[in-house]
Amino acid sequence: MLAGVAVAPSGRVERLSFTFGTGAFRENEIFDSANCPPSRYLVEVGRRLIAAVPDCETLVIGNPLLPLSVTEIADWLKMVTSAPAIVTDAKKFPLFYVLPRQLFDRFERFLLLLCTVDAVADERLLTLLAEQTVARVALPGLTIGKFPNATPTNWFQGEARQQMLKILCMCAINTIEHNPGWRTLPFATYQPYHAGSVLFLNLASQQVANGFFDEQIVCWSYRDIYRSCPGRLAPIWLRLPWLPRDNSVGELEYLVRSLERLGEEVLDNHFLVFMRYSRVYSVPPFHLIDQLKFALGDSMIDQARTIHSLAPTASERPILPARPLKLLFHLSGGWKLKSYKDSYTTAVFMALRSLGCEITVIDRPDLQNLGVTSVTSDDTALLTATVRRHHIFIGVDSFPHHFVRHVLGWPSIGLFANTKPCNSDAKAAPDYRALAGSLPCNPCGANSQCPLLGREDCANFVEPARLVSAILDMAHDLYDFTL
């Protein structure tokens with residue numbers, strides 16, 4: 001699926017094929033990220049070709065959306081007599097791009113604006129960048145079929161996502177045509193959707209010093225998150241509610257509304273690149289922060305660059321007497337299957353209270369009959385103040401968990417069920433551990449109910465005894481708490 005050909009002045013031709021990485025960081029693997037448009041992989045293949053053939057003068061890069069082999073590309077390349085060029089199917093769907101090395105060197109990040117789904121739009125963009133005619137060669141006997149609405153990895157997601165890529169490509173073309181200073185305009189990421197997305201993007205940008213982007217579009221509702229955990233990218237505030245999780249507003253409709261709300265001032269003076277293109281984030285074995293680092297421009301060619309290899313950015317704990325042990329729980333996730341089971345919650349709270357622990361739970365007044373205190377922490381300042389009054393935070397795979405661990409560095413225990421810990425946990429340490437069951441259905445990709453049993457809770461959460469034991473072990477290690 002990731003293939004390219006490098007042509008050197010001597011006539012040397014180097015064919016390279018790559019696969020999406022599975023964690024081994026081999027030379028023929030490219031880091032697997034769910035946060036990138038196809039054009040990000042086009043750029044990465046170009047980088048790999050240049051690394052392999054430093055003196056190459058022409059880069060031939062297959063469309064990352066298509067399962068093309070280097071043999072097919074090399075065979076079709078015989079039809080091309082000049083660069084830049086785009087080879088397409090009979091309906092003008094791009095098959096591969098022939099780019100002069102000089103164009104790649106000068107405009108690498110501008111290649112992110114290629115939509116990869118419409119050769120007419122991409123030809124217009126490349127013509128403006130190269131300031132010369134771009135040849136378009138069609139293969140009349142080949143037609144790319146209709147993309148399915150979904151595949152196991154969600155790399156293809158129907159017409160709506162293709163339209164989003166094309167819309168942003170056309171916006172870029174309009175900007176270049178009407179703004180004489182387009183070469184120096186800032187690039188902005190478009191990923192304004194949810195609290196966790198904003199947090200992880202900011203954390204990723206802190207670790208990418210010379211990436212593609214200068215700014216980011218942020219939903220106005222998340223301004224407290226940006227203040228509490230700023231990244232390297234300046235915010236462009238989008239005054240819209242966040243994208244609903246119930247699909248009542250689709251991503252394409254939300255994009256159109258966003259562009260209308262951002263207005264001409266932003267569109268005429270920025271290049272916007274869509275992030276979180278498609279592949280389900282649980283398919284790669286990498287943390288979402290790492291997946292976003294790749295999207296921002298880090299090639300992630302070394303395991304040492306990953307979150308699980310780096311030391312935690314923060315590590316704090318309260319100055320409190322060990323008794324009573326004060327515990328803060330957050331048990332409701334972004335969707336039902338990420339919420340800890342009520343029956344388990346009851347057992348855990350009863351056991352911990354019998355040991356003299358004081359328990360606070362976030363946004364669950366219905367649990368106060370169990371002898372616990374419910375608090376509201378609907379912004380990061382309130383959450384921070386609440387966390388600092390407790391010894392240990394215990395939370396499901398949701399924003400509070402990620403903020404408490406990755407930003408505050410507080411002693412934490414993560415509770416995972418139908419999502420994979422490796423995608424959003426933290427590095428294992430005396431003050432952090434992730435707990436999950438071992439059912440083979442994880443990750444299932446479902447939201448509202450178990451696809452096997454039809455229930456609204458997930459059977460992959462750890463049982464109460466194991467959670468209580470983990471809490472007591474951490475309390476002993478950090479605070480010398482004993483029964």
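A: A definition comes first: Ala, Val, Leu, Ile, Met, Phe, Trp, Tyr, Cys and Pro count as nonpolar, Asp, Glu, Lys and Arg as charged, and the others, Gly among them, as polar. Please also note that this is a predicted model.

Q: How does the lining of the largest cavity divide into nonpolar, polar and charged residues?
A: The lining has 11 nonpolar residues, one polar residue and no charged ones.

Q: And which residues are they?
A: The largest cavity is lined by P37, S39, L112, L113, L114, C115, L165, L168, C169, L272, V273 and F274. Two elements, α5 (158-178) and β11 (271-274), each give two or more residues to that lining.

Q: How much space lies in the largest cavity?
A: About 80 Å³.

Q: How many cavities of 30 Å³ or more does the search of the whole structure find?
A: The search finds three.

Q: What lines the second largest cavity?
A: Its lining consists of L113, L168, C171, A172, T175, L267, H270, F271 and L272. Here too, α5 and β11 are the elements that give two or more residues. The largest share, four residues, comes from α5.

Q: Let us turn to α5. What is its span from first C-alpha to last?
A: The helix α5 has 21 residues and reaches 31 Å between those atoms, close to the 30 Å expected at 1.5 Å a residue.

Q: Which α5 residues are buried?
A: G158, R161, Q162, M164, L165, L168, C169, A172, I173, T175 and I176 are buried in α5. The elements covering these buried residues include α1 (38-52), α4 (119-130), α8 (251-267) and β11.

Q: Now the overall picture. How many helices and strands does the protein have?
A: The secondary structure comes to 14 helices and 17 strands. The radius of gyration is 25 Å, close to the 23 Å that the globule rule gives for 483 residues, so the protein is as compact as a globular protein of that length.

Q: What does the C-alpha trace span along its principal axes?
A: The spans are about 80 × 45 × 40 Å.

Q: What percentage of the residues is buried?
A: Buried residues make up 57% of the 483 residues. As for contacts between residues at least 6 apart in sequence, 67% join residues at least 24 apart.

Q: On to the backbone. Where are cis peptide bonds found?
A: One joins R323 and P324, with omega about -5°. P324 lies in the loop between α9 (288-296) and β12 (326-330). Another cis peptide bond joins N442 and P443, and its omega is also about -5°. P443 is placed in the loop between β17 (432-435) and α14 (464-479).

Q: Which residues have a positive phi although they are not glycines?
A: N247 is one of them, with phi of about 65°. N247 lies in the loop between β10 (234-238) and α8. D480 is another, with phi of about 60°, and D480 is found in the segment after α14.

Q: Are N247 and D480 buried or exposed?
A: N247 has a relative accessible area of 67% and is therefore exposed, the cut-off being over 50%. D480 is exposed as well, with a relative accessible area of 62%.

Key. Residues numbered from 1 in each chain as written. Predicted model: local features only at pLDDT ≥ 70, side-chain atom pairs only at ≥ 80, totals over all residues. Heavy atoms only, no water. 1 Å grid on protein atoms, 1.4 Å probe; cavity = no way out; pocket = protein on both sides within 12 Å on 5 of 7 lines; lining within 4 Å. Points joined across faces, edges and corners; volume = space filled by probe spheres on them. Expected span 1.5 Å × (residues − 1). Buried < 20%, exposed > 50% of the residue type's maximum accessible area, 1.4 Å probe, protein only. Contact = heavy atoms within 4.5 Å. Rg over C-alpha atoms; globule rule 2.2 N^0.38 Å.
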